[in-house]
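Here is a walk through one model, from a single side chain out to the whole fold. Keep the viewer open as you read.

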Amino acid sequence: MDKDVSAGSATTTVVGRLALGITLLAFGLGHTGVINGVSAADAVSLAHYVGGVALFVAGLLAFRDGDSVNGTAYSALGALWFTWAVTSGGSAHAAGLFLLLFALVVLSLTLAGGDQLTQGTYGLFFVSLVLLAIATFATSGSLTKVGGWFAVAAGAVAWYAATAALAHWPTALPRRAAGRGVTATG
């Protein structure tokens, strides 16, 4: 397996991934209802300071280091988490619209490329936001829980990516050589 750490400043990448991972875990677990007495509203403070402020600062530091990809991602996500935290409690349709717009930003980040863990994090987060937006419009508790689990998965991938970079664990899946696949026997 490959042990490469993603391009850009390793420090801002790790800090950004940790902040995003922790925020997504809290946000997702709050939506799943798996922990008695913990709801998505309980993630607001964490989303405000860790997801909003810390990610935004990590984005600014990434820009300073010349890492425009992570700078864009962390600054945009930080601003969106901050906005989600300070505007929670609005109408259901406004919340659904915000989640859809948030999903469009995350879709752009997913399509921008990057390493497998980054794309996995953003892809899972995108699915989570779309499901949560639909659940908000449809008032579906079951769909909310599914969307929450996708956010938990995205948070776990982001956390692993940060920990892997610090601990020098593998961060990429091995690739098969061309022409070396499974052969059929007849």
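Which residues does Leu-132 touch, not counting residues up to four places away in sequence?

## Starting from Leu-132

Leu-132 touches Phe-27, His-31, Leu-99, Thr-144, Gly-147 and Gly-148, where a contact means heavy atoms within 4.5 Å. Leu-132 sits in helix α5. With 2% relative accessibility, Leu-132 counts as buried; buried means under 20% relative accessible area, exposed over 50%, and partly exposed in between, using a 1.4 Å probe and protein chains only. Val-146 is 14 residues away from Leu-132 in sequence, and their C-alpha atoms are 8.2 Å apart in space.

A word on what you are looking at: this is a predicted model, in which local features need pLDDT of at least 70 and side-chain atom pairs count only at pLDDT 80 or more, while totals for chains, interfaces and linings use all residues. Residues are numbered from 1 along each chain as its sequence is written, and side-chain values use heavy atoms, with hydrogens and water left out.

## The overall layout

The protein has six helices and zero strands, so called from DSSP runs (H or I of at least four residues for helices, E of at least two for strands) numbered from the N terminus. Reading from that end, the order is simply α-α-α-α-α-α.

Of the 186 residues in the protein, 39% are buried. Take the contacts between residues at least 6 apart in sequence: 68% of them join residues at least 24 apart.

## Two helix pairs

Two packed helices are described by the angle between their axes and the distance between the axes. Here the axes are lines fitted to C-alpha atoms over the stretch in contact, and angles run from 0 to 180 degrees between N-to-C directions.

Helix α2 (residues 44-64) and helix α3 (residues 68-87) have axes that come within 7 Å and cross at roughly 155°. The α2 and α3 contact has 17 nonpolar residues, 10 polar and no charged; Ala, Val, Leu, Ile, Met, Phe, Trp, Tyr, Cys and Pro count as nonpolar, Asp, Glu, Lys and Arg as charged, and the others, Gly among them, as polar.

For α5 and α6, the axes come within 8 Å and cross at roughly 160°. These two helices are therefore roughly antiparallel, and their crossing is left-handed. Their contact is made of 18 nonpolar residues, six polar and no charged.

## The nonpolar core

In soluble globular proteins, nonpolar side chains tend to be buried together. The largest nonpolar core in this model has 28 residues, and Leu-77, Trp-81, Phe-102, Tyr-122 and Phe-125 have the most contacts inside it. Such a core is a set of buried Ala, Val, Leu, Ile, Met, Phe, Trp, Tyr and Cys residues joined through side-chain atoms within 4.5 Å. Helices α1 (10-32), α2, α3, α4 (92-111), α5 (116-138) and α6 (141-167) each give two or more residues to this core, with the largest share, seven residues, coming from α3.

Which residues does Trp-81 touch, leaving out those up to four places away in sequence? Its contacts are Leu-20, Thr-23, Leu-24, Phe-27, Ala-47, Gly-51, Gly-52, Leu-55, Phe-102 and Phe-125.

Terms used: Parallel < 35°, antiparallel > 145°, perpendicular 65-115°, else oblique. Left-handed = near helix turned anticlockwise from the far one by under 90°.
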